[in-house]
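Here is a friendly walk through one protein model, from its surface to its cores. Keep the viewer open as you read.

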Amino acid sequence: MSTLARARCTIGAHPSALDAAIAAAVLVCMVAGSFVDPHGPEGVSWGLRTPDVLSLVLMAVGAAALVFRRRAPLVVLAVTGGVSVVESVTGDPRAPVVMSAVVALFTVAASTDRPTTWRVGLLTMTVLTGAAMLAGPLPWYAQENLAVFAWTGIGATAGDAVRSRRAFVQAIRDRAEKAERTREEEARRRVAEERLRIARDLHDVVAHHIALVNVQAGVAAHVMDKRPDQAKEALAHVREASRSALGELRATVGLLRQSGDPEAPTEPAPGLDRLGELVATFHHAGLHVEVARTDQGTDRPTAVDLAAYRIIQEALTNVQKHAGTRAKAEVSVVRVGPNIEVTVLDDGAGEGEAPEAPADGGGHGLIGMRERVTAVSGTLTTGPRYGGGFRVHAILPVRNRTDAAEGPV
């Protein structure tokens, strides 16, 4: 740290000491100026005259008041202005007591707003200059009287300039701090969004595959003694589902690697191109699923493709868990204008009993679907079907409104 910086830190830590030093310096200047004889035979000259006792007292009072200029600037200005008026009326020749009033006026201008500076400055200039011109022993047009007007104006102007500069510097600091807070908030928001996205992926992967593993394990346990071949087939499906779950979990967790790692995948989840493989896993678990698609040739954005796949995966998993393997599900993916509509229907329990409809507050499945759809500016509708079953309907945009307007009519 430089000597100047250390001096500024010391001054900022002890403002009262600085005010005392300024008051002492002003007192020395006023006392020294009182020895100047502006009315000598050869003009202004240094004399050996002794100032009046009253002038010395007024100078001491004005300097002492400056020690408190930060605590009560208007009171200090009133005191210094009063002693300056007394000196202007009684002093002959005058001592420069008005110097203390100029410093006090500077402090007021530097510590208040501009309207207050204008009002107080004009009042101070008028009172001090008027007293010097009208009640003093000198002619009203004397240079000393005009000097009072000039010095008070300079003090007010300089104080206002200092205040403006401080306000400007503070505004810059405030903007810098706000920008820093904004960057930190944006970073936290991005981290939260990424954590939520990874949490949704993990939930979808785990919920889907664990549900299949649970069903196949139950089948294997049920037919182990009587039909060992079917039990082996169920266990094979369990092994395949667990291997697939581990692979997708490994890909999802791979996102947490360093960005420079070439092995880290850029997109862990599949899209609608693998819808057949997804449906096959549910067929192996005993769920009958029919698929209808009219979106062939559609160029789907990666985020929309992922959202559509995960919505179908979560909806069929809910059918598997809540409606049972005897239920029938229908999946349709249809291109409608600038959107694709994904619909998953089931007919409820296989024996006519009412299905256990998933509720928003009962888990994270529907919440995750809604978040995925919202993230791509789509809409999601879910609810029970008339006569039994459940319906999941999502509208996902694959083209923005501008592209749709420019397309063929």
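Is Val75 buried, partly exposed or exposed? Val75 is exposed, with a relative accessible area of 53%. In this report, buried means under 20% relative accessible area, exposed means over 50%, and partly exposed is in between, using a 1.4 Å probe and protein chains only.

Before going further, a word on conventions. This is a predicted model, in which local features need pLDDT of at least 70 and side-chain atom pairs count only at pLDDT 80 or more, while totals for chains, interfaces and linings use all residues. Residues are numbered from 1 along each chain as its sequence is written, and side-chain values use heavy atoms, with hydrogens and water left out.

**Overall picture**

The protein has twelve helices and seven strands. These are DSSP runs numbered from the N terminus, with helices (H or I) of at least four residues and strands (E) of at least two. Of its 409 residues, 37% count as buried. The accessible surface comes to about 23500 Å², and carbon and sulfur atoms hold 61% of that; such areas come from the Shrake-Rupley method with a 1.4 Å probe, and for residues only the protein chains shown count as cover. Among contacts (heavy atoms within 4.5 Å) with a separation of 6 or more, 66% join residues 24 or more positions apart.

**Around helix H4**

H3 and H4 each supply at least two residues of the patch, and H3 gives the most, with three.

Pro73 is also found in helix H4, which covers residues 73-90. Pro73 and Thr107 are 34 residues apart in sequence, yet their C-alpha atoms are 6.4 Å apart in space.

**Salt bridges**

Side chains of opposite charge can pair when their charged atoms come close. A salt bridge here is a side-chain nitrogen of Lys or Arg within 4 Å of a carboxyl oxygen of Asp or Glu, and the count comes to twelve.

| Pair | N to O distance |
|---|---|
| Asp19 and Arg69 | 3.1 Å |
| Arg114 and Asp160 | 2.9 Å |
| Glu186 and Arg190 | 3.0 Å |

The side chains of Asp19 and Arg69 meet in a salt bridge. Asp19 lies in helix H2 (residues 15-33) and Arg69 in the loop between helix H3 (53-65) and H4, so the pair ties together parts that are 50 residues apart in sequence. Asp19 and Arg69 are buried.

The salt bridge between Arg114 and Asp160 links distant parts of the chain: Arg114 is in helix H6 (residues 114-134) and Asp160 in helix H7 (residues 143-223), 46 residues apart. Arg114 is partly exposed, at 39% relative accessibility, whereas Asp160 is buried, at 14%.

Glu186 and Arg190 are four residues apart in helix H7, so they are separated by about one helical turn. Glu186 is partly exposed, at 28%, and Arg190 is exposed, at 53%. Elsewhere, Asp273, Arg293, Asp295, Arg300 and Asp305 are linked in a network of salt bridges.

**Helix H10 and the cores**

A nonpolar core is a set of buried Ala, Val, Leu, Ile, Met, Phe, Trp, Tyr and Cys residues joined through side-chain atoms within 4.5 Å. The largest has 34 residues, and those with the most contacts inside it are Val289, Ile312, Leu316, Val392 and Leu396. Helix H10 gives the most to this core, with ten residues. Apart from this core lies another, of 19 residues, among them Leu58, Val83, Val97 and Ala156.

Helix H10 (residues 302-323) is mostly covered, with 18 of its 22 residues buried. From its first C-alpha to its last, H10 reaches 31 Å, close to the 32 Å expected at 1.5 Å a residue; the expected span is 1.5 Å times one less than the number of residues. Beyond its neighbours within four places in sequence, Val289 is in contact with Val279, Phe282, His283, Leu316, Ala329 and Val331.
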